[in-house]
Amino acid sequence: MGISSLHVMVEKMSHSAQKNVLIPLPATDFDPSESAIPWKILTQRGVQVCFSTPDGNPAQCDQRMLSGNGLGIFSPLLAADKNARTAYQQMERSKEFRNPLGWSQAQQKDWSGLLLPGGHAPGMKPYLESDVLQKLVAEFFISNKPVAAICHGVLLAARSQINGVSVLKNRKTTALLARQELMAWALTCLWLKNYYRTYPVTTEKEVRSCLSSSNDFLSGPLTLKRDSLDNLKAGFTVCDENYLSARWPGDAHKFAVDFSAMLF
């Protein structure tokens with residue numbers, strides 16, 4: 001075999017071995033940390049990351065999470081940190097983010113894995129309630145391909161059904177904890193009203209109701225410290241076969257690293 005032929009074969013093998021991940025997003029209000037940190041870590045590890053939105057137009061994250069506006073003295077605790085802000089700026093400039101698919105265009109067969117970010121502001125509801133996305137999530141579970149969900153993204157997974165039963169029915173999972181959700185609401189409700197209450201029922205309570213046993217919901221250690229690539233131990237994830245879950249932006253680095261390992 002000649003050198004040129006060998007190069008062609010290696011290139012073909014490399015291309016065929018490349019993993020690709022789909023990240024669906026709502027038109028607005030998704031969490032910048034839970035999308036951009038996984039995007040950055042996955043792309044740095046050679047994974048092609050693409051996005052889909054309701055209409056195929058670029059999405060816009062929850063701007064309050066970037067700026068901290070309206071969070072007052074609690075901004076350092078609740079808003080995106082420097083790592084996430086930098087990652088989001090880079091993601092926002094990427095050609096994949098600027099040229100998403102429409103939700104209805106994305107097909108399970110075209111992707112190696114699926115990643116579901118969260119977010120709590122009102123613009124998340126069309127994403128969390130989408131029949132199209134719930135069907136897509138179910139197809140990924142049926143195909144046994146890797147699926148990762150963080151924070152409210154777990155709620156989208158829990159609402160996705162196979163033969164009328166949640167795909168998480170017999171799985172172990174975590175999600176945004178009730179005490180995390182209610183603490184953020186309590187700290188800001190005097191001026192932000194129900195900004196942190198996406199639904200009257202907490203994310204944790206609804207997810208628990210979809211499980212075979214409430215014991216299949218794992219809370220993990222409660223911490224206010226966010227993880228980083230230098231401190232993955234600060235993050236918490238739950239892996240059950242092809243399904244990975246995490247709780248909040250503070251788990252995003254470990255979440256991304258663990259999902260990357262599932263893909264290869």
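This report looks at the cysteines and the salt bridges of a predicted model.

## Ground rules

Residues are numbered from 1 along each chain as its sequence is written. Because the model is predicted, local features need pLDDT of at least 70 and side-chain atom pairs count only at pLDDT 80 or more, while totals for chains, interfaces and linings use all residues; side-chain values use heavy atoms, with hydrogens and water left out.

You will find 0 disulfides here (a disulfide is a pair of cysteine sulfur atoms within 2.5 Å). The closest cysteine sulfur to that of cysteine 61 belongs to cysteine 151 and is 14 Å away, too far for a bond.

Cysteine 61 is buried, at 2% relative accessible area, and cysteine 151 is buried too, at 7%. Buried means under 20% relative accessible area, exposed over 50% and partly exposed in between, using a 1.4 Å probe and protein chains only.

## Salt bridges

The structure holds 8 salt bridges, each a side-chain nitrogen of Lys or Arg within 4 Å of a carboxyl oxygen of Asp or Glu. One of them joins aspartate 216 to lysine 172, with the closest N and O atoms 3.0 Å apart. This pair links distant parts of the chain, 44 residues apart. Aspartate 216 is buried at 13%, whereas lysine 172 is partly exposed at 38%.

Another pairs arginine 208 with glutamate 204 at 2.8 Å. Both lie in helix H11, 4 residues apart, about one turn of the helix (helices are DSSP runs of H or I with at least four residues, numbered from the N terminus). Aspartate 251 and arginine 247 also form a salt bridge, at 3.0 Å; aspartate 251 is buried at 0%, and arginine 247 is buried at 0%.

How values were computed: Helices (H or I, at least four residues) and strands (E, at least two) are DSSP runs, numbered from the N terminus.
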